[in-house]
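This briefing concerns the single chain displayed below. Please keep the sequence and the model in view while reading.

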Amino acid sequence: MKTKIFMLTLFISLFYACEISNTTDVEINTLDLVGTWSLTNIVIDNAELNVTSPVITTITGSGFGKDLNATLTFSENPNLAEINGDLTFVLNYNLTGETYTEELYLDNIFFNDTFSFLSSSWELDGNVLTLNEGGEQLNIDLISYIDDILTIEVDVNKTITVDDVTSIVTGKATLTIEK
């Protein structure tokens, strides 16, 4: 149960993270971005979940995606970003001195049930891509764009509550998508 809450909390934070540490000058424009991108890599490093209520505990972890069959499509006029597909996320985490590994299957149903959307509006400002949905905003740092391969990064620092469990989540997610 703690694993499911950890994963849910981590993914919610990734999709609603507000902070970026944009220090690169990636050359990408709207025409470059529009189209369908396949997810080719996802890595989450140094994730930490500090549960503050009802029981104080800390879970640390990292993970990566495998069996990647997911796409992100950007359309223009209106600017919409849409998630489709599925992947398996391999989560390695530490809890009370023990190390655990779990494989979690994530698909459109997970994203729709968790976030109540599979698409959002988007805007590009330099090398920051912003996704907006339901009053929430996700700022994504574009760190590399070479030969239709885009590497993006999100720094997570978010307090959320899921199933009456309040947590502070920190970490970094790096994704690679390819046209």
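What share of the contacts in the chain with a separation of 6 or more comes from residues 24 or more positions apart? Such residues account for 61% of those contacts, where contact means heavy atoms within 4.5 Å. The structure is a predicted model, in which local features need pLDDT of at least 70, side-chain atom pairs count only at pLDDT 80 or more, and totals for chains, interfaces and linings use all residues. Residues are numbered from 1 along each chain as its sequence is written, and side-chain values use heavy atoms, with hydrogens and water left out.

**Overall architecture**

- The chain contains 3 helices and 9 strands; these are DSSP runs numbered from the N terminus, with helices being H or I of at least four residues and strands being E of at least two.
- In sequence order the pattern reads α-α-β-β-β-β-α-β-β-β-β-β.
- Of the 179 residues in the chain, 44% are buried, a class defined as under 20% relative accessible area, against over 50% for exposed and partly exposed in between (1.4 Å probe, protein chains only).
- The chain exposes about 8900 Å², of which carbon and sulfur atoms supply 48%; accessible areas come from the Shrake-Rupley method with a 1.4 Å probe, and for residues only the protein chains shown count as cover.

**Confidence**

- The average pLDDT of the chain is 81, and 80% of the residues score at least 70; pLDDT is the predictor's confidence in each residue, from 0 to 100.
- Among the elements of the chain, helix H1 (residues 2–16) has the lowest mean pLDDT, at 50, while helix H2 (residues 30–33) has the highest, at 94.
- Residues 1–5 have pLDDT below 50, and this stretch makes 7 contacts in the model beyond near neighbours in sequence.
- Residues 15–23 also have pLDDT below 50, with 34 contacts in the model beyond near neighbours in sequence.
- Where pLDDT is low, the predicted coordinates should not be read in detail.

**Strand pairing around S1**

- Strand S1 (residues 35–53) runs antiparallel to strand S2 (residues 57–75), and 11 bridges join them; two strands pair if DSSP finds at least two bridges between them.
- A hairpin of 3 residues connects S1 to S2, and Ala47 stands opposite Gly61 in S2.
- S1 also pairs with strand S9 (residues 165–178), in the antiparallel sense over 12 bridges, and Glu48 stands opposite Thr170 in S9.

**The S3–S4 hairpin and Asp107**

- S3 and S4 pair in the antiparallel sense over 10 bridges, with Leu95 opposite Glu98 in S4.
- Their hairpin has 2 residues between the strands, and Thr96 in the turn has a positive phi of about 50 degrees.
- Asp107 is placed in strand S4.
- Asp107 counts as buried because its relative accessibility is 17%.
- Leaving aside neighbours within four places in sequence, Asp107 is in contact with Gly85 and Asp86.

- S8 is mostly covered, with 10 of its 14 residues buried.
- S7 and S8 pair in the antiparallel sense over 5 bridges, and the bridge partner of Asp141 in S8 is Glu153.
- The hairpin of S7 and S8 has 2 residues between the strands, and Asp147 takes a positive phi near 50 degrees there.
- S8 and S9 run antiparallel and are joined by 14 bridges, with Leu150 opposite Ile177 in S9.
- S8 and S9 form a hairpin with 2 residues between them, in whose turn Asp163 has a positive phi of about 50 degrees.

- In soluble globular proteins, nonpolar side chains tend to be buried together.
- Leu124 lies in strand S5 (residues 119–125).
- Leu124 and Ile28 are 96 residues apart in sequence, and their C-alpha atoms are 8.9 Å apart in space.
- Leaving aside neighbours within four places in sequence, Leu124 is in contact with Ile28, Asn29, Thr30, Leu33, Leu129 and Leu142.
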